[in-house]
Amino acid sequence: MSARSGHLWGRPAVQLLLVVLLVVAAATAATVFGADRSAPSAVTPQLVPVSETTVACPGLRSREGFTESAVAAATPPKVAGVALDASGSGVVRTLVPVESKEETLISLREPGDRGTYVGRNGERDSVTGAASGALAPGFSVTQTERTVDGQGRGLASTQCQPTGTDFWFVGPASGVGDRAVLVLTNPESATATVDVTFHGRGGLVDAPAARGIQVKARTSVDVRLDQVAPGENVLGVHVQVRVGRLTAAITETDVFGFEPRGTDWFPQAEAPATDLVIPGVPAVNQGRDSQVHLDIVAPEEAAVATVSIITPEGSFTPQGADVVEVPAGGVTTVDLTEALRGDPAAIVISSDVPVTAGARVELKNPDLFGDVLYLAAANAIDAPAVVPDNRTSADLQTRLILTAPEADATAVVTGFAGGKEWTAARVDLPAGTTQVVTVEPPKARPAKGGKGNDNKVESYGLVVTPGGAGPLYGVRMLDEEGPRGPLVTSFPLTTARLLAQVREAIPQIVVGSTG
Amino acid sequence: MSRDVPLPETPDDLGVVAVLVAHDGDGFLPRTLSALAALDPAPDAVIAVDTGSADSTAALLAQAGSVNRVVTLPADTGFAAAVHAGVEAAPASSWLWILHDDSAPEPDTLGALLRNAADQPSVAVWGPKVLGWDEPRRLLEVGVSISRAGRRHTGLEPGEQDQGQYDGQRDALAVGSAGLFVRRDLWSDLGGFDRSLPFFREDVDFGWRVNLAGHRVAVATDAVLHHAEAMARGRRTGVLADPHATDRASALYTLLANGRGSTVLLRWLWLLLQTLVRALGNVLAKAPREAAVEMTAVGAVLMRPHRLRVARRARRRWRLVKASSLRSLFPPPGQQVRHSLETLAGSLSVETDVAPSTILESGPTDDDLDAFVGPGTGRLRRWVRRPGVILFTGLAAVQLIAWRGLYRDGVLHGGALLPMPIGASDVWQAYTSAWHPVTMGSNTMAHPSTAVLGLLATLLLGHATWVVPTVLVLGPPVAGLLGYMVTGSFGLSVRLRVWIGAAYALNPVFLAATAQGRWTTVLVGVLLPLAAVAAARAVGLARRPASTRAAATAVLLIAAMVALAPPLIVPVGVLCLALALWVTGLRARLAALSLLLGPVLVLLPWWPVAAADPTVLLLEPGVPWVGDEESAWHAVFLDAGGWWSAPWWFGLGLVVACLAAVLRAQLRRPVRGALVVVGVSLTWALVLEALAVTPDTSAVPVTVWSGSVLVFAVAASLVAIATAVMGSRTRLQRAAFTWRQPVLAVVVLMAAVSPLIWAVTWMGRGATDPLDRGVANPLPAFVRAQSDLPEQIRTLVVQPASGRLAYTVLRSRDAQWGDVETAPSVDQLTSLDRVVSDLASGAGSAPVDELADRAVQYVLAVAPVDPDLEVALDSAPGLLRIANPGESSLWRVEQPTGRVRLLADEERAVLSSEVPGDPGAVAIDVPAADTDRLIELAELADDGWVATASTDTGTRELPTSGASDWAQRFVAGAAPAQVQISVDNPWRRVLVGGQLLIVIALVLIALPGRRRVDEEAV
C-alpha cells in the first residue's frame, strides 16, 4: 500500500469517503429541494350554471276521445343554494318549419317561475323549450295528456329531453290493438338521419323501412311500429342517429276489442349495462285486476339475468326470477304481478352481459277501465331533479316513488311557486327500500306567473335534492281514481342540468395518438 | 495479330545514336554520364541536348568523354523539340536511343536491346525495364499505357519490387521516353514525338501512333534502366509551373488525338465532365490553386478543338490498324475503379488525422486497422474473429432481438417520438421555413436538431423516416464499437475494451432512450466517442501536436451533439473551460476554448429562440413527459425517468465501481480526468432533474430528460473503471490478503456482469412501449383528404386529461416531429383556449362561430371519449355529429369555413386558395364588391405576413388591419384583385445562410488535405 501519503486528505480511503459524501449530499439536495416531480395533479373543473338549455318534446297528442292536455315549464329559484342574479329567458314554443310562424306557449321571466299551457283538442305540434341566462339551469318542460273517455282513454306524460343520438325504449308492441308510434323530433337546423333497430322475442326483427329515416330540420316524423315491425307483442327499440341530433319518444295506446286499455309515453331506457334499476312500480291495490311485466333486452349476446325487487320492507328475489335467460338480440318478459302485489317497488336487474330493461304496469279495476304505466331502467339522481307540476286537473295526485337500492339515501323535496319555496317532504330511505311520497299541492292562491296559466289548478314546481351515501332513483307519478277506473302515468326523475364543468383548455401538440 | 504492313527492308546496320536530353541536371548527370561511359556495347554516337541549363550541366556535358556532340537550345524548349533537335544533329543510324539526364542504363542495357531487336525484327520500338533511381529494385515501368480517364497506367502496384515477375518480352502500347529505343526510319516516317506535347505523354502518344501504324512496341525486360523521374515527381523545379496540370493536359490531348474517331465527341464531353469533377475534388481537398491550374491547363486542350482536328488529321495518314484491335494494350475499365478505391483507402489510413480512421489506427494493435481498411479475400476468417467484429455482431443481435415487436409496417412513434416527415426535403423545408403550419401557425425557428435530422435523411437517400430506426437499432452497437476502438490507445487489455464497448452500448440510459423513442440521445452517444477523440487531438492530448483540423471536426461534432441535446451546452462548456485551464501552450488553450465557442457559433440561428425562451436550453426535442417522475436521486444511478426507464439499481454496479475507481485516482491521471467528467455531468444531471420547466409552448410544467447528460457520465465512468482496474489485479495479488481483495472482487464482478444483466433485460423486455409502430394518426382519412382541398380546413382535436382539456388544431397532417418545438406559445393561444373550454363545457353559448373563424371545420374527440364532453359537443348548436371513426367521435362545424375568408359586414365568404408547397403562401382571387373588405387569414398575426394585390391598374401591397386580436387581416379594396399572401423572415434567412457558411468552412478545414509529398521520397 505504497499509495498512502502522510497527509490525511491524500489517503484514497478518505478521498473515497469525501466523494461518497458529496454524491449523497448532491443527490439529497436535488431530491429534497428540487421541484415537485409528480404528474400535474388533476384540476377540479370549475362549475358554472349552465347558460343555455334546449329541450324538445313530441308534443301533445290527442287520443281517441276527449283529451285535456298541458305543457308545463319551470325553472328552479336557486342553483346549488344560490339565487342567480342575472337576466334570462325561458320560452316554450311550437316546433314548426323554419318558414312558418312559431307560437309561444309559455314564457318564464325569472328563476323560480313556472308556467302551464293548456292544450286544445286536436293539437299535435311538437314543442321546444329554450332557456338562457339565469333561467337555463334546471329549466324543465313536461307534457301531460288526460283522456277520460273513448278508445284512447288514459293518462300520459313525458318529460322534454335535450337532443341526442342514441335512444333505447323497451316494451312497446306492434301487435293487434297495440298502437305504438315512434315520434322523432328534430329541433336542429340540419336534417337528421335515423336508423331504428327492433328486438323482438325471437331476436332482431327485420325492419328495412326503419333504416335511414330522414327527419328534416325543425320537423317531427311519426313512425308507426305496426307498420315497420308488425306482429311483435313486445319490442326493444334502439334509435340511432347517424347524422344530426334529435329527440325520440314512443307512445302506445292499447285497446282490446273496443275496450280501452290505457295509454302512455315510454320513458327512455338506459343504454345496455350489467346492472340496472327500474324505479317507480306503484302500489297495486289488492283486488284489482292489475299486471306488472318486466321486459329485458339483450342487444348483443345472450344474457342470464337475476331480478330482485325492492319494496318498502326490503329487497328480495321473487321465485323463478333468479335466473332469467334472454336470447341474443331478443327480449324476455318476466311476469312480476304476483311478486309485486300490494307494494310500491323498484326492480333491480343484474346480468352477465349488458342488457337494458323496462316494465309495463297495467292498473285495472275488475269492472272498470284500466290504464297503463311504462317504466324503464333509469339513471340515479346524483344532483337535484326539477319537475314542473303538470297536472291538468286538481283530481290528479302527485307522488314520488323513490328507491335507494344500495345504501342509505335521503331526499329533500322542495316546492316552489310564485316566488315562494317550501319543503314538501324529507325522506330517509334505508338501504334497499322504496318509499312513496305524496306531494300536496300548495293551497290555491291568486295565480301569478306563466302565461297561459289560466286554469284553476295551482301550478308549482318541485325540486328533488338527493343526499346520503347511496344512489337515489325515482319517478314522478300522477294518478287519479276516476269514476270509470284509475288513470295513471309517470316519468323518471332525471338530474337537472344546473351546473356545467368548465375545464381549462390547454394547447398540447400530441393529443390522443401517442403517450 | 496479323501484320501485313510491309516493313522497310532491314537497313544496313548503321549503328545506334543515343540522344541525351538534359536540363539543370547536375544532380543526376554524373551518374548518367558514367553509366553511359560504362555501356558495353556503347552507342555509336551520343548527342547531348542541353535546354539552357543554368547550373553546371553544360560543363558536365562538355567534359564527358562519352558525349560526341552537345546541342544547346533555349531554356523554354520542350522535351519533344529537344529530342528532335538532337536527332537532326545526329549522324545517320539505324536506331535511335533516347535518354534523359536522370536515366542511367546498366552496362548491358544497349546490348540487350540490340539482341532483342535482332531476334524480333517486327518490333519497331523497344523499351527497357525501368527501375528506381535510389531504390534500384523498385519497379517503375515495364511498358506504359493510358486509361480512359487519361491516367498513366503501368500495371504495377505502387512500390512494387522487381522480383523478375514481369520478365520476358511483353508487347505494350508504349514505352517511356527514357530509354526509348526506336528504328530511326520509323521515327522519321511518323515524325517522332508530337511537338504539341512539350512535356509528358509524348512517349504514350508515340507508342500509340506506332501501334496504330501497324508496328509493334515491346519491352525487353533484360534491358534495365534506372530513372529518377525527376520531372514528373516535381524534383526538378523551375521548368514547369505545375507538372501535374501539364501532365493532365498532355494526357487529354493524347486521348483525343489518338482515340477512335467515332467516339471522340463523347470522349470529349466525358473528359470535360471528369475535369470539372476533379477540380471540385481539388477544391474540397483544400487545393484551390491546383484546381485552377488544372482547369486552365485542361481547358487549353479541350477548348481548342482546332488543334485537335489538326493532330487527328496528321495521324490519319499513318493509321493502318483498327483501334479496336489494340484493346488488349489498354487497362481494363474496372482497373480504374479499383485503383481509385485503393488510393482512397490508402489516403484514409495514412493521411487522415481525425476522421474515423484515426480511431482505427490509434490502437496499439494494428489488426483493428486492417479489419476496416481493404480486407483481403483470404483474411475473411481472421477478420470475423476480431474482438471488434464479434462485439458489434453480438450487440447488433441483441438489438435485433429487442426490436422484434417492431418488424411491421407503419409509422414509428410513441413516447417522445412523433412521426417523422417523409422526405429529407420536408425536413429542410421545416428548417428553413419562416412559418410552421402547427396549430394556429408560428414563426419560431425550427429546433437545431432538425438540421442534423436533415443531414442524416439526406445521407439515407432522402428518407427521413429511415433515420430513427437506423439510429435506434444501429446506434448502440456502433457506439459500442466506437467505444471499443477509441480506447485502443489507453493501454487497456482487449477484454476490458470489449467490456467498455458492451457496457456503453447497453447502458441503461440508451435502453430508456430507445424505449422512449429518444433518438437524439442515442445519436449523442454515438457521436460522443468521436467528439472526445477529436477534442483530445484538437488540444494535443493524443501525443501529437494540437491540430486545427481535429479542432474543426470536434467543433462540428460537439455542435451536432448540442443541437440534438441542448442541455449538453453546460457540461461541454464547463469541461472546455477546465480543459483550457489545464492544457499547456497558447495554441492548445485557444483550441480548447474554440471547442466551446465553435459550437455556439454553429448554432447561430437558434440563439434568438433560446434568448426568447431560455427553457429550451434545458429540454431535448420531442414530446415532453408530463407524468409522474421518480425522485431526482435516481439520476445518480443513470435512471433518467420518463415513460420507461430501467430500475435504478441497474446502474448500481457501475456507480459502485466508479466510486472504487476513486481509490486509484491518485495513481492514474486518466482516472482522475474521467472522474472529473463524471462529476460535472452528474451534477448537471441532478440540477436538471431538480428543475420543473414550463416552456412557452406548454401550459403545464414538463419533466426534464437528463439522458444525454447521463450518457457523458456513463462514458466517462466506463473509462475510469477500466483504467482503474488495469493492473489492480496483480497489485492486489501481491499485497497481503485483507478485506480489500474480497470487497474489490465483488465490486469488479458487479460491474463486469452489469452489461450482461442489461442485455438480458433488454432482450426480454423488447424495445416496444411506448415506442410503437403503426398508425399514429387521429385524423380520419376523409378529413385529411378534405384538409388538402383549397379551403385548407382544420380539425380541432380534444381529449380530457386530469381535469383539463388538452387540445390541438391539426391541418392536413397529424402532429409530426418538430411540431412540439415550433408550436406557437401558449400565450398566443389564450383566446382559442377560451373557445375550446366554453365549447366543451356544455354550459351553452357554444362559440362555434369562433371555431369557424379559425378555419376549424371538424371537431374530433379522441377515444376514449369522455361522456360529458360528448354530451357537451352533441348539444352545441352549429356542431353536427357525423361519424364515429374508430372509438373517437367526430363533429362537423355546420357553416363552411376555410383558411382565407373575405369579411364584408355580415358576410363571410370562404376563399379557395392555392395549396402551394410553402406552408405560408396563399394565392387567392378576390371578387369585386361595393365596399372595402377585409381578408382574414386564419393564422396568428405576424409582422412577416405580406399581401400583394395585382389589379388591372397595377400591383400594390395591402395594408394590414389590426381589428382582430389574433388573426392576420388585410384591408382589400372594392376592386377585384389577385392577392398573393406570403410570409417572410429575412433575418432568419441571413442567420441560416451564415450557419451554412460556417459549417461549410468547418467541413473544409476538417477534410483531409491533398497529398503533396513525393512518394518515393517518403
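## Strand pairing in chain A

A:Thr193 sits across from A:Val243, a residue of S16(A). The strand that S16(A) (residues 236-243) meets here is S12(A) (residues 192-200), and seven bridges join the two in the antiparallel sense. Strands count as paired here if DSSP finds at least two bridges between them. The element names come from DSSP runs, numbered from the N terminus: helices are H or I with at least four residues, strands are E with at least two.

S16(A) also pairs with S10(A) (residues 166-170), again antiparallel, over five bridges. In that pairing, A:Phe169 has A:Val237 in S16(A) as its bridge partner.

All of this is a predicted model, in which local features need pLDDT of at least 70 and side-chain atom pairs count only at pLDDT 80 or more, while totals for chains, interfaces and linings use all residues. As for labels, residues are numbered from 1 along each chain as its sequence is written, and chains are lettered from A and ligands numbered from 1 in the order in which they are written.

## Two nonpolar cores

The largest nonpolar core has 237 residues, and those with the most contacts inside it are B:Ala531, B:Ala554, B:Met561, B:Leu595, B:Ala661, B:Ala720 and B:Val798. Its top contributor is helix H28 of chain B (residues 707-725), with 15 residues. Another core lies apart from it, with 137 residues, including A:Val183, A:Val237, A:Ile381 and A:Phe491. A core in this sense is a set of buried Ala, Val, Leu, Ile, Met, Phe, Trp, Tyr and Cys residues joined through C-beta atoms within 7 Å. Buried means 20 or more other C-beta atoms within 10 Å of the residue's own, exposed means 12 or fewer, and partly exposed is in between, with C-beta atoms placed from the backbone.

Leaving out residues up to four places away in sequence, B:Ala661 touches B:Val671, B:Leu675, B:Ala720, B:Ile721 and B:Ala724. Contact here means C-beta atoms, placed from the backbone, within 7 Å.

B:Ala660 belongs to helix H26 of chain B (residues 652-662). B:Ala660 counts as buried because 22 C-beta neighbours lie inside 10 Å. With residues up to four places away in sequence again left out, B:Ala660 touches B:Leu744 and B:Val747. From B:Ala660 to B:Ala720, 60 residues apart along the chain, the C-alpha separation is 9.7 Å.

## Where the chains meet

The contact between the chains draws on 55 residues from chain A and 70 residues from chain B. On the chain A side, the elements giving two or more residues are helix H1 (12-33), strand S2 (52-57), strand S35 (499-502) and strand S36 (505-507). H1(A) gives the most, with 11 residues. By type, this side splits into 31 nonpolar, 18 polar and six charged residues.

One of the partner pairs is A:Ala505 with B:Leu805 in S18(B).

Two cis peptide bonds are worth a look. The one from B:Asp40 to B:Pro41 has omega near -5 degrees, and B:Pro41 lies in the loop between helix H1 (29-38) and strand S2 (45-51) of chain B. The other joins B:Asp769 and B:Pro770, with omega about 0 degrees; B:Pro770 is in the loop between helix H30 (740-765) and strand S16 (772-774) of chain B.

Then there's positive phi in residues other than glycine. B:Gln792 has phi near 55 degrees and is found in the loop between helix H31 (781-787) and strand S17 (794-801) of chain B. B:Gln792 is buried, with 25 other C-beta atoms within 10 Å. B:Ser802 has phi near 40 degrees and lies in the loop between S17 and S18 of chain B. B:Ser802 counts as partly exposed, with 14 C-beta neighbours inside 10 Å.

## An open sheet in chain B

Four strands of chain B form an open sheet in the order S24-S30-S26-S27, with antiparallel pairing. S24 (922-926) and S27 (954-957) are the edge strands, each pairing on one side only. S26(B) (residues 945-951) and S30(B) (residues 977-983) pair antiparallel over six bridges, and B:Thr948 has B:Gln980 in S30(B) as its bridge partner.

Terms used. Two residues are in contact if their C-beta atoms, placed from the backbone, lie within 7 Å. Ala, Val, Leu, Ile, Met, Phe, Trp, Tyr, Cys and Pro count as nonpolar, Asp, Glu, Lys and Arg as charged, and the others, Gly among them, as polar.
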